[in-house]
Amino acid sequence: MNSFNYDHKAVEEKWQRKWKEDKTYQTEENPNKEKCYVLDMFPYPSGEGLHVGHPKGYIATDVFSRLKRMQGKSVLHPMGWDAFGLPAENYAIKNKVHPRVMVEKNIARYKEQLASIGFDYDWDREINTTDPKYYKWTQWIFLQLFKKGLAHESNEPINWCPSCLTGLANEDVEDGKCERCGTQVEKRPIRQWVLKIREYADKLLEGLNDLDWPKSIKESQRNWIGRSEGMLFTAPVKDTNITIDTFSAHFEACYADTFVVIAPDHGLLPDLLEGIDNKEEILETAKHLAHKQNEKDFDGSKNVEGVFTGRYIVDPLGNGDLPIWIASYALADYGTGIVKCSCHDERDFAFAKKYDIPLKPVLFPKDEVEAGKVRDLEECFVDMKNGVLTEPEEVAGQSGGSVREIVIKHLEEKGLAKKTVNYKLRDWVFSRQRYWGEPIPIIHCEKCGPVAVPESDLPVVLPDVEHYEPTGTGESPLANIPEWVNVACPECGGEGKRETNTMPQWAGSSWYYLRYMDNKNDTALVDPEKEKYWQPVDMYVGGAEHATRHLIYARFWHKFLHDIGVVSESEPFKRLQHVGLIQAEDGRKMSKRFGNVVNPDDIVNTYGADTLRVYEMFMGPFDQNIEWSTKSIIGPRRFLERVGVLSERVSEDSEIDKNVERELHKAIQKVSEDIISFRFNTAISTLMTLGNTLHKLQSIPVDVYKIFLQLLAPFAPHITEELWSMFVKETSIHNSIWPVCNTEKIIDETVTIAVQVNGKVRDTFEIDSGKDEDEVKTEAQELPGVSKWIEGKNIKKIIYIKDKLISIVVDD
RNA sequence: GCCCGGAUGGCGGAAUCGGUAUACGCGCAACACUUAAAAUGUUGUCCGCAAAUGCGGAUGUGGGUUCAAUUCCCACUCCGGGCACCA
């Protein structure tokens, strides 16, 4: 019966070997060809190895890059390793192996696993962030930031993880916990390096508009940057030489302000309280409030608490003296840390009620009864958009939402306030008190301060140490190696000490896509010609969890590199697709902890890499989370087997049936479009349908079969190569020319018309496509299924949608 | 609280410039092949009216626009994600 025997192991091993020997997927840098740069977010080689969810994104880029290669593009599709950082280090400490040894082992394991799935990576382009030849350039970028004043030392209190024993960036904290280990973070003042990402906040926001990225990720970034326009009020503090600034985004009702609050951990407090009798007592309360603020479940909007400072500001708007209170809900690190307050804010209102601070409403609802309640301070009214203002005079009687610009003008012209912008985005805390990271290339000199390591001395190689456990002292383990730490100051030649903090995990991944373009260059980060050729990344695929970390950092560094002329475009990643997670069959995350991990090796062994690939692309929409189902894999496997069986019915001289030809060309169109737009599931169902059609034929024309194989090749590279080689000896299917849809061949000769009577389908009939409208209408009314519904009834109208349907409307 | 997604058979999902809802796959059932089973093939498979024809109902809920709504509009419920003491 069926002599085709699908031995996936033999086929896959054979072709993987052959592709490697033939360098089938070597990157071609051909200036006469259009380029296409397809990139995966490179993995962190963890000790756990891959589960079936990991390759999903890699399969997609593989399919995409194979299509582009067959369409004649120069394709760059590389892979590498993001191997510095806390997880590798923590894992190494736990298992008492040097991180370097661990990382090497894990990379070897990952590579093996990836190879078995048949990806078309060009391994000559491989990179590893922990390779000194690589991080030389990570350090070089840091130095450029330092030289431009965008990297500086600071002692501000930052997030500190008491378990990982290191400072963290704002981005590394999730819900008050260390993103890595889940421990509650604390605020702690330590010496640290900070990158001024805020200076790029507006550029980062504006750049988003031109990117072909998922809406949700752009939205996340906008939220994260949190740009807010408002007014800055400046006022003198009575009986002192101090003036304070307050920021307000909802300043429309600023004439309602009756008091001021300051954050309990605000740096200005001691000065402000100078000369106040119970200064120490107040400071003690402030400290207590600040401490409370840091507690994990503290919600300041519910627990308003505070203490009066004894100080007043002179209201710039002429409302007399406004008392300054310390309040639990005021944040030191947003705006100026001091806020002018009124009854038109829930927290302020609650606070004032609690401490009997006078209030003065100026914004009212339109409803008179409701307005009365606001006037009597029974209710807090905050609808700045629809509420009606009574002050200032210029806008009295108008709604807050309509007068924003007028109020700004009024305040600025009278010199009462200045327009200002605030961001939620914090500067990037860039140092870690840990071993396994890029050394920060700075030398501290008592005379010259922090001095850049000369570029000719890069890389500053991470030395081997005996003990790489974190110290917890605010210094990294590197501080314990005097022979490494003590060096001459590059400026004055005097005694200097190396910076012992290392860079965060995100450093290496903030520019790695540039290195693939020119991964062996020892004299430049990337050759400008190569950069111009490959830039930007045309398709970038990875998890949505990187929206506010890696994807912001990388855009920041890229924009900086653009500003100093290293790269030619202002954005690194033109198009981005995010990959939906594959969850375990129990609906949970796949994790060793739950014992629900499905290993791709097992699937490759049992069903073959091609089946795994087709299945993962067929499961559902690419960007959607979906549950793994080992039961359903059999579908794709059966499909591939049938594709093989079809090869026995291929004939050199059989005629092409018109209908088959039409379906074939429609499939060419559909599959091409679907791959480009990442709708892999429908591409595969189209191929399955075409396969079913071919299955019904006695004899399949060889040209039809070859095209069918080509369309399937990006998804199932091994079996299609094997079957292709039965008919074509000279070239790999993966370097063959992608078929083009002939639009004349997809025109339907006959079409089915549905006939509706009062909106319900009553019958269908076949016509030649493009048939005369009147004839179709007449024919439709004569159909048995239709005539019984319209007989004896008054036809009000007949609508004809060309080649699709007839809709007859009759009186009931 | 604010912002962004989503909800379609037993299951994964398809179809959204409004035009025959349920493509493709899984599962299930029957039949063929087989001593038998598996595999494979063929056929069927949204629900209800006992079956066929036929009729009615169905795309989270309730309204609306339309000859026609999964698709557009309004209100709501639930699920997922982001932000959240941000003044």
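Biologist: What pLDDT does chain A average?
Modeller: This is a predicted model, so let's start with the predictor's own scores. The complex gets an ipTM of 0.94 and a pTM of 0.93. In chain A, 98% of the residues score at least 70, and the average pLDDT is 91.

Biologist: Which strands stand at the edges of the open sheet, and why is one side of each left without a neighbour?
Modeller: Four strands make up this open sheet, paired in parallel and ordered 2-1-26-27. The edge strands each have a single partner strand, so one side of each has no neighbour in the sheet. Those are strand 2 (74-76) and strand 27 (576-578).

Biologist: What is the bridge partner of Val-38 in strand 26?
Modeller: Strand 1 (residues 35-40) pairs with strand 26 (residues 539-542) in the parallel sense, over three bridges. For Val-38, the partner in strand 26 is Met-539.

Biologist: Which helix packs on the sheet?
Modeller: Look for one that touches strand 1, strand 2 and strand 26. Its direction makes about 170° with that of strand 1. That's helix 2 (residues 55-70).

Biologist: Why do the buried residues of helix 25 line one face, and which residues are they?
Modeller: Looking down the axis of helix 25, the buried residues fall within an arc of 100°, so they line one face. The face turned away from them carries exposed Asp-774 and Glu-782. The buried ones are Val-776, Lys-777 and Ala-780.

Biologist: Which residue caps the N-terminal end of helix 25?
Modeller: Check the backbone nitrogen of Asp-774: a side-chain oxygen of the capping residue lies 3.2 Å from it. The cap is Asp-772.

Methods:
Residues are numbered from 1 along each chain as its sequence is written. Chains are lettered from A and ligands numbered from 1 in the order in which they are written. This is a predicted model: local features need pLDDT of at least 70, side-chain atom pairs count only at pLDDT 80 or more; totals for chains, interfaces and linings use all residues. Side-chain values use heavy atoms; hydrogens and water are left out. pLDDT is the predictor's confidence in each residue, from 0 to 100. Two strands pair if DSSP finds at least two bridges between them. Helices (H or I, at least four residues) and strands (E, at least two) are DSSP runs, numbered from the N terminus. Contact means heavy atoms within 4.5 Å. Axes are lines fitted to C-alpha atoms, for helices over the stretch in contact, and angles run from 0 to 180 degrees between N-to-C directions. Buried means under 20% relative accessible area, exposed over 50%, partly exposed in between (1.4 Å probe, protein chains only). The arc is that of the directions from the helix axis to the C-beta atoms. A polar contact is a pair of N or O atoms within 3.5 Å; within protein, one must be able to donate a hydrogen and the other to accept it, and residues adjacent in sequence count only if both atoms are side-chain atoms.
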